[in-house]
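Visitor: I am new to this structure. Could you show me how to read it, step by step?

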Amino acid sequence: MNKDLKKILINEEEIKKRVCELAEDIMRDFKDEELFFIGVLKGSVVFVADLMRCIKNDVTMDFMAVSSYGLSSQTSGVVRILKDLDFDIEGKNVVIVEDIIDTGTTLKYLYEYLKKRNPKELKICCLLDKPERRKVDIKADYIGFTIPDEFVVGYGLDYAERFRNLPYIAVVKEEVYANK
Ligand SMILES: O=P(O)(O)OC[C@H]1O[C@H](OP(=O)(O)OP(=O)(O)O)[C@H](O)[C@@H]1O
Ligand code: HPA
Ligand SMILES: [Mg+2]
C-alpha cells in the first residue's frame, strides 16, 4: 500500500456487494420506471459506472461538476458549479449519485438547486456517509456505508487529486493531511 495510506477501510469485494444491494433498493422503489442518474464529478465516476450497470430499468444519465475541497482536506464551504446538466429534469425520476456526504454542504446545495427544476422524484444515493462531520441537515435515501471521521480515498475519492484509481476505500494517514 502507498506510504501515505494507513489502512484499507472497505475492500473491493465489500464494495461490489454493497453497490449491487443499493441498485436492488433503487429498482424496488422505482419498479419499471425510467430513471435519470446525475453523477457528481469527479468523485462519483467510479461508483456511478458500477451502480448503473447493476440497474435493469431504463437509465439515462448526465454529469454535474462541482468542487468545494480543491487540493485541501477541508471544505471551502463554497460550492462551485463547474458544469451544469445538459438535459432538462422536469418530471423525471432523478437520482443524484455521490461518493460521500461529509459536512453535507455539497449535497444540500445540489439538492436545493435541482429541486427547483421540478423533477418528479429527487433521490440521493451516496456510497459513504460520515455523519460525525455533518454541518448542514441533509440525508441520503440510499447509503452504502457509514464511516468514521477519517479522510478516505479510493474508488473515485481523492486527496489533492490522488488515489481516485484505487479499487478499495483506504484511510489517509493523519500526518499527510493535518492542517491542509
Ligand atoms: O459533504 P461535503 O463536506 O460537501 O463533502 C463531500 C463532497 O466533497 C468531495 O468533492 P470535492 O469538492 O473534493 O470534488 P471532487 O469530487 O472533484 O473530488 C466529494 O466528492 C463530495 O462531492
Ligand atoms: O473523506 C473524504 N475523502 C475524499 N474526499 C472527501 N470530501 C469530503 N470528505 C472526503
Ligand atoms: Mg475531492
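Predicted model: local features only at pLDDT ≥ 70, side-chain atom pairs only at ≥ 80, totals over all residues.

Visitor: Let us start with the helix. Which residues of α1 are buried?

Guide: The general idea first: an α-helix has 3.6 residues a turn, so residues three or four places apart point the same way. Here, the buried residues of α1 are Ile15, Val19, Leu22, Ala23 and Ile26. They lie on the same side of α1 because they cover an arc of only 100° around the axis. The face turned away from that buried side carries the exposed residues Glu13, Lys17 and Arg28.

Visitor: What do the buried residues of α1 pack against?

Guide: Their partners are β1, α2, β5, β6 and β7. The helix itself, residues 12–30, reaches 27 Å from its first C-alpha to its last. After α1 comes Lys31, with a positive phi near 40°.

Visitor: Now the sheet. What is the order of its three strands?

Guide: Strands of a sheet pair through backbone hydrogen bonds, either parallel or antiparallel. In this open sheet the order is β1-β9-β8, and the pairing is antiparallel. β1 and β8 each have a single partner strand, so one side of each is left without a neighbour in the sheet. Two bridges join β8 to β9, and Val152 has Val171 as its bridge partner in β9.

Visitor: And the ligand: which residues come nearest to ligand 1?

Guide: Of the 18 residues around ligand 1, those are Gly43, Tyr69, Asp102, Thr103 and Thr106. The shell divides into five nonpolar, eight polar and five charged residues. β5 gives the most to this shell, with four residues.

How values were computed
Residues numbered from 1 in each chain as written. Chains lettered and ligands numbered in written order. Near = placed C-beta within 6 Å. Nonpolar A, V, L, I, M, F, W, Y, C, P; charged D, E, K, R; others polar. Pairing = 2+ DSSP bridges. Expected span 1.5 Å × (residues − 1). Buried ≥ 20, exposed ≤ 12 C-beta atoms within 10 Å, placed from the backbone. Arc of directions from axis to C-beta. Contact = placed C-beta atoms within 7 Å.
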